[in-house]
Amino acid sequence: MRIIVAGLVGRYPWGGVTWCSLMYLLGLRALGHDVYYLEDTRECNFDPEINSPATDCNYALRYINEALAPFALADRWRYIDFLEKGYGIGDQQWQQICKSADLLIVLSGGVWKWRDEYLSIPKKVFIDSDPGFTQFSIEAAGRSAERTGDVGWYVEFLRQYDHLFTFGANIGAHGNTIPTCGLDWILTTQPVMTDLWRPGNLPARQVWTTVMTWQIESFENIGGNKDQEFLKILNLSRRCQEKTTGPALEIAVNGPRQFLSDNGWRCTDAMAISADLWRYHNYITSSRGEFSVAKHTYVVTNSGWFSDRTACYLSAGKPAVVQETGLSSWLPTGEGLLTWSTEDEAIDCLLQAEKDYSRHGKAARDLALEYLACEKVLPTLLEKSLS
């Protein structure tokens, strides 16, 4: 099949975001499909060189090409800036590619405008990577429509898709508080290229890490962020330091590093770590494991959300100690992947992983191979997309 994958590589030129799109592109290609990358967000891209959104898209164009070129995708991308100007593949060639495409996969936000060439593609699917935030936004639009009669562009946009997928595994299940909004949400998860994220031969740094944003800028006034959940374990690093065998913790964070340092946390700049995909890759693969919190909305709704970043740690043979979001309803936990809900539970999980680190490292890799590998996730996604 000819498949177009729309993502946010240029809009948010960070390693983690880049790997999300890359693993769909590379995974689908490995399955024998003809793949192209698209970005049509109707927004300015963020430019790290000026540390703000830019009306000049040169940084985004350069970044996209540098990210895709090593994987023989340099001539397989199309970027449309906020002024509607296209780059990469030329206009006429792109029209022909769309006419011959079988499937359009839009990763949250990769396309925010329906064009005739997109609508002509036989199957179109949306992948919701922000469960809760997406549905609460739709619900808010519905309430607004009751007052004004205008259902809103966001809802109309989503109605054009043949299928809606979500990382919220528990949406629609008992105990989950995310509204379905009358839509059919199909479970999927971020695929990982396990051959690109494999255990290395070099000894890992003796520090547990994560990469995180303190508060997201999108979905303003919809749901809560990691800042709320992190306060629940604010004393954890200091408590670990007091233990003779306590693990060392470090967070690469886009947030209040001085405040976190004052409370015993070792911090580094998330923007610097994420400046390119290989720096991000090396940070994860050189870590001892991952310790992380989830966004408040993921936790309080029992969403079942699971992090694409954590998938990379596991694939690299790094145990992960992560906050429970209801993910244990569909992923096995206890070996390699351990979940916590309180600070005491988080410390216990870290100590368990340290006590038998080799066993947990092997279990982490095995879990990724069994549940998260591209060859496991993508065939099911395609089967449901084409139904």
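**Reading the features**

Guide: Gladly! Let's begin with a charged pair: Glu43 and Arg11 join their side chains in a salt bridge, at 3.1 Å from N to O. Keep in mind as we go that this is a predicted model.

Visitor: What is the general idea behind such a pair?

Guide: Side chains of opposite charge can pair when their charged atoms come close. In this case the pair links distant parts of the chain, 32 residues apart: Glu43 is in the loop between β2 (34-39) and β3 (45-47), while Arg11 is in the loop between β1 (2-6) and α1.

Visitor: Is Arg11 buried or exposed? And what about Glu43?

Guide: Arg11 has a relative accessible area of 12%, so Arg11 is buried. Buried means under 20%. Glu43, at 31%, counts as partly exposed.

Visitor: How many salt bridges are there in total?

Guide: The count comes to 23 salt bridges. One of them pairs Arg359 with Asp356, at 2.8 Å from N to O. Here Arg359 is partly exposed at 36% relative accessibility, and Asp356 is partly exposed at 30%. Another joins Asp276 to Arg279, with the closest N and O atoms 3.8 Å apart. Asp276 is partly exposed, at 26%, and so is Arg279, at 42%.

Visitor: Which residues are linked in a network of salt bridges?

Guide: Look for Asp40, Glu84, Lys113 and Arg115, which are linked in such a network.

Visitor: Let's turn to the strands. How should I read a sheet?

Guide: Strands of a sheet pair through backbone hydrogen bonds, either parallel or antiparallel. In this model, eight strands make an open sheet with mixed pairing, and their order is β6-β5-β2-β1-β7-β8-β9-β10. At the edges are β6 (86-88) and β10, each of which pairs on one side only. From one strand to the next, the twist averages 25°.

Visitor: Which way do β7 and β8 run, parallel or antiparallel?

Guide: Strands β7 (residues 103-107) and β8 (residues 123-128) run parallel and are joined by five bridges.

Visitor: Which strands does helix α16 touch?

Guide: Helix α16 (residues 374-385) packs on the sheet and touches β1, β7, β8, β9 (163-166) and β10. The direction of α16 makes about 155° with that of β9.

Visitor: And how do I check the length of a helix?

Guide: Take α1, residues 15-30. At 1.5 Å a residue, its 16 residues should span 22 Å, and the end C-alpha atoms are 21 Å apart, which agrees. In α1, 13 of the 16 residues are buried, so the rest of the structure largely encloses α1.

Visitor: What happens just after α1?

Guide: Gly32 comes there, with a positive phi of about 100°. A positive phi also turns up in residues other than glycine: Asn302 has one near 55°. Asn302 sits in the loop between α12 (296-300) and α13 (308-315), and at 28% relative accessibility Asn302 counts as partly exposed. Ala72, which is not a glycine, has a positive phi of about 60°. Ala72 lies in the loop between α2 (58-68) and β5 (77-80), and with a relative accessible area of 55% Ala72 is exposed.

Visitor: Now the inside. What should I look for?

Guide: In soluble globular proteins, nonpolar side chains tend to be buried together. The largest nonpolar core here has 67 residues, of which Ile105, Leu314 and Leu337 touch the most other members. A second, separate core of 29 residues includes Leu38, Trp112, Trp114 and Val155.

Visitor: Which residues does Leu314 contact, leaving aside its neighbours within four places in sequence?

Guide: Among them are Phe306, Ala320, Leu337, Ala364 and Leu372.

Visitor: Is Thr188 buried or exposed?

Guide: Thr188 counts as buried, at 8% relative accessibility. Thr188 lies in the loop between β10 (185-187) and β11 (208-213). Not counting residues up to four places away in sequence, Thr188 touches Ile127, Phe165, Thr166, Phe167, Val377 and Leu381.

Methods:
Residues numbered from 1 in each chain as written. Predicted model: local features only at pLDDT ≥ 70, side-chain atom pairs only at ≥ 80, totals over all residues. Heavy atoms only, no water. Helix = DSSP H or I, 4+ residues; strand = E, 2+ residues; numbered from the N terminus. Expected span 1.5 Å × (residues − 1). Buried < 20%, exposed > 50% of the residue type's maximum accessible area, 1.4 Å probe, protein only. Contact = heavy atoms within 4.5 Å. Core = buried A, V, L, I, M, F, W, Y, C linked by side-chain atoms within 4.5 Å. Salt bridge = Lys/Arg side-chain N within 4 Å of Asp/Glu carboxyl O. Pairing = 2+ DSSP bridges. Axes fitted to C-alpha atoms, helices over the stretch in contact; angles between N-to-C directions.
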